[in-house]
Amino acid sequence: MKTKLTVVKIGGEIINNSDKLDAFLEDFIRLDQPKILVHGGGKIATELSKNLGIKTRMHEGRRITSKENLDVVTMVYAGLINKKITATLQSKGCNAVGLSGADANCISATKRPANPIDFGFVGDIETINSKVIDLFVNNNMIPVFSAICHDTNGQLLNTNADTIASEIAISMSKQYDTDLFYCFEKKGVLMDVNDENSVIEKINTEDYQSLKSKKIIHDGMLPKMENSFYALNNKVSKVMIGNTSSINNRDEAHTLLTL
């Protein structure tokens, strides 16, 4: 019987708010099985880019990354946010190691082709070094991954954090019974974005296509959903979307993805 492993991706307003982030990390630490944390940080990167006079462009919830944008997201994702999270976990007696994909060659990627959309310095994941990641997990260290990868030729690349979480969960499922949890400030996927309690409890692939066509699911939720179903189709045991309180209490409202 495989050991349970949980891959948690954190993003949204929680990253921007120190108190909410601290509360999330308390919940995350209480997960008693081996775990891996993946984080985004797009809003902080967007704000810093604006302050520096660098334009931010998005396409269907994904960042188009110019050379200038890449410098900013690397500083914010792999630097400020990653080290802040790692330091906070250490302060709570939780031994964590902050990583980008370039560290220990954990995640390699190739620059996305310019057609049909030129996303700039965005990487599509090629390999997950699950053996190295497992070394951290087996030595009671929590890997904390930022959304920065590399092409093995010295070029850093920006990769959607939802995608990184999904690919890590898939790769680790060869050794572990792996759950994937997309965690943000909402209780789950909402039928009405203005009603916090309109959580859609279960979504399958057919439901997703219908909700997408009706624009109920759009923008930044699209990458989460695409990666959720991709993970389920590749041996990840369970995929959930919800807020921090449902990590440890699965009776709390959240969205469960099914095929």
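## Close-up views of a sheet and its helices

**View 1. Val-38 meets its partner in strand β8.** In this predicted model, Phe-145 of β8 is the bridge partner of Val-38. Strands β2 (residues 35-39) and β8 (residues 142-145) run parallel and are joined by two bridges; strands pair if DSSP finds at least two bridges between them. Helices (H or I, at least four residues) and strands (E, at least two) are DSSP runs, numbered from the N terminus.

**View 2. The open sheet.** Here eight strands with mixed pairing follow the order β5-β8-β2-β1-β11-β13-β14-β12. Because β5 (96-99) and β12 (202-203) stand at the edges with a single partner strand each, one side of each has no neighbour in the sheet.

**View 3. Helices on the sheet.** Helix α4 (residues 67-91) lies across β2, β5 and β8, at about 175° to β5. Angles run from 0 to 180 degrees between N-to-C directions, and axes are lines fitted to C-alpha atoms, for helices over the stretch in contact. Helix α5 (residues 130-138) also packs on the sheet, where α5 touches β2, β5 and β8 and makes about 130° with the direction of β8. Contact means heavy atoms within 4.5 Å.

**View 4. Helix α6 beside helix α8.** Helices α6 (residues 161-172) and α8 (residues 221-232) pack at about 10°, their axes 9 Å apart. The two are therefore roughly parallel (angles under 35 degrees). Among the contact residues are Asp-162 and Ile-170 of α6, and Lys-224 and Tyr-230 of α8.

**Notes.** Residues are numbered from 1 along each chain as its sequence is written, and side-chain values use heavy atoms, leaving out hydrogens and water. In this predicted model, local features need pLDDT of at least 70 and side-chain atom pairs count only at pLDDT 80 or more, while totals for chains, interfaces and linings use all residues.

Definitions and conventions
Parallel < 35°, antiparallel > 145°, perpendicular 65-115°, else oblique.
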